[in-house]
Amino acid sequence: MVSTASQIGPFHFDNVLMNAAGVYCMTREELEAVRHSAAGTFVTKTATLEARAGNPEPRYQEVPLGSINSMGLPNQGLDYYLEYLLELQETVPEKTYFLSLVGLSPDETHTILKKVQASSYNGLVELNLSCPNVPGKPQIAYDFETTEHLLTEVFSYFTKPLGVKLPPYFDIVHFDQAAAVFNQFPLTFVNCVNSIGNGLYLEEETVSIKPKQGFGGLGGQYIKPTALANVHAFYQRLKPEIQIIGTGGVLTGRDAFEHILCGASMVQIGTQLQKEGVGIFERVTAELQAIMAEKGYQTIEDFRGKLKYID
Ligand code: DHB
């Protein structure tokens, strides 16, 4: 029997598929829908210290090859997600979930992480270094010095399993430089990739979303080759203790298969989950299992990272 189970650090997941942060994860109701679907786990909407309303609407638009968004970090605030996760820890202690977070400043990030450290939360934490949509706040992970400084401070007090959500990089030198930074730290995972930041999509003569004069992060089919390149680039460069989560352009079992071939240990679905709803996890799982069965792979580990090159 083919299994799509996987692991991140010491944590086991019955299925390699899950939502990507930002989709189906703003409220308990949405998170419950993912939890009761075929997904292996969920990640919460990136939380700031206080709740935020985000940018004015329309701020998310489906387009033929994916999506464009400039949500502006709407979320219910850290306490909302932390309380829910602590409840789940009591009721389903055998399951592990991901708490996504970032501060609007380095100080706020430390305040948030210190709260999580002081709590009894024992799941995974994803520090989002790649939000492209808050006016005036650049993506942290495009500044390697800032990233190194932030992670140095974080790991001076934070001892729970922590990973980072990364934006796509587009230059081999940047893969090298970013990996050299991340390899200095006891990260549990890196998640590649967030949206390709600041695209523009036009309808007739007009932009398609209201914030930032239409500039927004791209997701969906547009971004799969970029996502796969980032997954594999970090798979090649990071120390083996740092696992990779693959995100970007997953619509089918074949797309998930490709992310795993490139080195991903979990695969997240964003844009297509928004389009299709939580039934997508059953469909993509069945498609992935069919590919594995046809190729004679029984587990994810039989082919994870085993991308073939042309000699
Ligand atoms: C938002 C978008 C992102 O890509 C992200 O990583 C965090 C927040 C947003 O606009 O809400």
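Strand 8 (residues 162–166) and strand 9 run parallel and are joined by 4 bridges; two strands count as paired if DSSP finds at least two bridges between them. This is a predicted model, in which local features need pLDDT of at least 70 and side-chain atom pairs count only at pLDDT 80 or more, while totals for chains, interfaces and linings use all residues. Residues are numbered from 1 along each chain as its sequence is written, and side-chain values use heavy atoms, with hydrogens and water left out.

**Strand 9 and its surroundings**

Strand 9 is also joined by 4 bridges to strand 14 (residues 243–247), and these two strands run parallel, with Asn191 standing opposite Ile245 in strand 14. Strand 8, helix 5 (residues 172–182) and strand 9 together make a right-handed β-α-β unit; right-handed means that, with the strands pointing away from the viewer, the path from the first strand over the helix to the second runs clockwise.

**Helix 4**

In helix 4 (residues 144–154), the residues Phe144, Thr147, Leu150, Leu151 and Val154 are buried. Seen down the axis of helix 4, these buried residues fall within an arc of 130°, so they line one face of the helix, the arc being that of the directions from the helix axis to the C-beta atoms. An α-helix has 3.6 residues a turn, so residues three or four places apart point the same way. On the other side of helix 4, Glu145 and His149 are exposed, whereas the cover over its buried residues includes helix 3 (106–118), strand 7 (124–128), strand 8 and helix 5.

**Annotated residues**

The UniProt annotation "active site", from an unreviewed entry, covers Cys131, and such annotations, given in the numbering used here with shortened feature names, may be inferred rather than shown by experiment. Cys131 lies in the loop between strand 7 and helix 4, and leaving aside neighbours within four places in sequence, Cys131 is in contact (heavy atoms within 4.5 Å) with Leu73, Lys137, Gln139 and Asn194.

The annotation "binding site" in the unreviewed UniProt entry covers several residues, among them Gly72 and Leu73. Gly72 lies in the loop between strand 5 (66–69) and helix 2 (78–91), and Leu73 is found in the loop between strand 5 and helix 2. Neighbours within four places in sequence aside, Gly72 is in contact with Arg52, Gly54, Asn55, Asn133 and Val134, while the contacts of Leu73 include Lys45, Val102, Leu104 and Cys131.

Lys224 lies in helix 6 (residues 224–237) and, not counting residues up to four places away in sequence, touches Gly248, Gly249, Asp255 and Glu258. The table gives the accessibility of these residues.

| Residue | Relative accessibility and class |
|---|---|
| Gly72 | 1%, buried |
| Leu73 | 5%, buried |
| Cys131 | 17%, buried |
| Lys224 | 18%, buried |

How values were computed: Buried < 20%, exposed > 50% of the residue type's maximum accessible area, 1.4 Å probe, protein only.
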